[in-house]
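This report goes through helix packing, salt bridges and a few individual residues, in an order meant to be followed with the model on screen.

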Amino acid sequence: MTDLKSIEDLLAIMARLRDPAQGCPWDLKQNFRSILPYTLEEAYEVAEAIERDDLHALCDELGDLLLQVVFHARMAEEQGSFVFSDVVAAICDKMVRRHPHVFADMDLKDEHAVRAYWEREKAAERDRKGGAPEALQAGVLDGVAQTLPALVRAEKLQRRAAGVGFDWDSVDGVFDKVKEELGECRATLGDHVEPTERVHEIGDLLFSCVNLARHMGVDAEQALRAANRRFEDRFAQVESGLRTQGRTPGPGLRDEMERLWEQAKLADSVSHEESIGDA
């Protein structure tokens, strides 16, 4: 079991782990649902490595994610549903089918034409999978996974709708919509409003913000993840500043925490400008 390099080796390891007689008790106990949280976690760890520009970690995390694919495929093989080679064949066929401008003679002039064709082909695939009469074929928004993070799913739903012309003509209209939704959120302040109405209006505001991000060419999920990291880093600097004073965060130190926060923001701004200058 040394110098393992091929996918066949990984498949053999997983088969051994799931062997009823000689396998691992933990691996044998798992099923598709119990493994799902690990699959999602590994996908996010891949994203985190990319966001940190850590290629060493990315190599490791991609291996962990590949293990998840192999794990699911092995369990499916045990049930007689499909095998790993079916997974590979399906994605190979799909990539060739969705890139006729590369593997055939279709002329798609730019990335917008490529994306439009991609969305049309995905819609056709959904209809073919459904096998239903035309009147019952899949809707435009069908097939957007419910398990996706809410920001990601919102953007996918919006892109689907935009693909059939249901979209704002310009970003100006989206800005206006965000302002409108913000006003409706403000109107829910006070005891006279049902809490569910606030939830409704906040949801509309978030959805419109995702729409704004999409029109500005920004991935909303990545933008929020980056904002989370900035908040964590800056608040850590606030805590560090307080520790040098022999203090810890608390309501009575609001003004000092605000001062340290602004100091951390300024330091981040200077660092960002220096990085741009170096580039």
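Predicted model: local features only at pLDDT ≥ 70, side-chain atom pairs only at ≥ 80, totals over all residues.

Contact here means heavy atoms within 4.5 Å of each other.

**Single residues**

Arg-160 is placed in helix H8, and with a relative accessible area of 13% it is buried, because buried means under 20%. Leaving aside residues up to four places away in sequence, Arg-160 touches Glu-119, Arg-126, Val-140, Leu-141, Asp-142, Gly-143 and Val-144.

Leu-148 is found in the loop that lies between helix H7 (111-130) and helix H8 (150-163). Its relative accessible area is 27%, and Leu-148 is therefore partly exposed. Apart from residues up to four places away in sequence, Leu-148 touches Arg-153 and Lys-156. Leu-148 and Leu-40 are 108 residues apart in sequence, and their C-alpha atoms are 9.5 Å apart in space.

Gly-190 sits in another loop, the one between H9 and helix H10 (195-215), and it counts as partly exposed at 33% relative accessibility. Along the chain, Gly-190 and Leu-67 are 123 residues apart, and 51 Å separates their C-alpha atoms.

**Two helix pairs**

Two packed helices are described by the angle between their axes and the distance between the axes. How do helix H3 (residues 32-51) and helix H4 (residues 55-78) pack, in angle and in distance between their axes? The angle is about 160 degrees, and the axes of H3 and H4 are 9 Å apart. Because angles over 145 degrees count as roughly antiparallel, H3 is roughly antiparallel to H4. The crossing in which H3 passes H4 is left-handed.

On the H3 side, the residues that meet H4 are Phe-32, Ile-35, Tyr-38, Thr-39, Glu-42, Ala-43, Glu-45, Val-46, Ala-49 and Ile-50. On the H4 side, the partners are Ala-57, Leu-58, Glu-61, Leu-62, Asp-64, Leu-65, Gln-68, Phe-71, His-72, Met-75 and Ala-76. Sorted by class, this contact of H3 with H4 holds 14 nonpolar, three polar and four charged residues.

For H9 and H10, the axes come within 9 Å and cross at roughly 160 degrees. That angle makes H9 roughly antiparallel to H10, and the crossing of H9 and H10 is left-handed. From H9, the contact takes in Val-171, Val-174, Phe-175, Lys-177, Val-178, Glu-181, Leu-182, Glu-184 and Cys-185. From H10, the residues that meet them are Glu-201, Ile-202, Asp-204, Leu-205, Ser-208, Cys-209, Asn-211, Leu-212 and His-215. By class, the contact of H9 with H10 divides into ten nonpolar, three polar and five charged residues.

**Salt bridges**

| Glu-181 | Lys-177 | 3.1 Å |

Glu-181 and Lys-177 both belong to helix H9 (residues 171-186), where they are four residues apart, about one turn of the helix. Glu-181 is buried, with a relative accessible area of 5%, whereas Lys-177, with a relative accessible area of 25%, is partly exposed.

Glu-258 and Arg-254 lie in helix H12 (residues 254-278), four residues apart, which is about one turn of the helix. Glu-258 counts as partly exposed at 36% relative accessibility, while Arg-254 is exposed, its relative accessible area being 53%.

Helix H12 also holds Glu-256 and Arg-259, which are three residues apart, about one turn of the helix. Is Glu-256 buried or exposed? Glu-256 is buried, with a relative accessible area of 16%, whereas Arg-259 counts as partly exposed at 43% relative accessibility. Elsewhere, salt bridges that share partners join Arg-18, Arg-74, Glu-77 and Glu-78 into one network.

Terms used: Residues numbered from 1 in each chain as written. Heavy atoms only, no water. Axes fitted to C-alpha atoms, helices over the stretch in contact; angles between N-to-C directions. Helix = DSSP H or I, 4+ residues; strand = E, 2+ residues; numbered from the N terminus. Parallel < 35°, antiparallel > 145°, perpendicular 65-115°, else oblique. Left-handed = near helix turned anticlockwise from the far one by under 90°. Nonpolar A, V, L, I, M, F, W, Y, C, P; charged D, E, K, R; others polar. Salt bridge = Lys/Arg side-chain N within 4 Å of Asp/Glu carboxyl O. Buried < 20%, exposed > 50% of the residue type's maximum accessible area, 1.4 Å probe, protein only.
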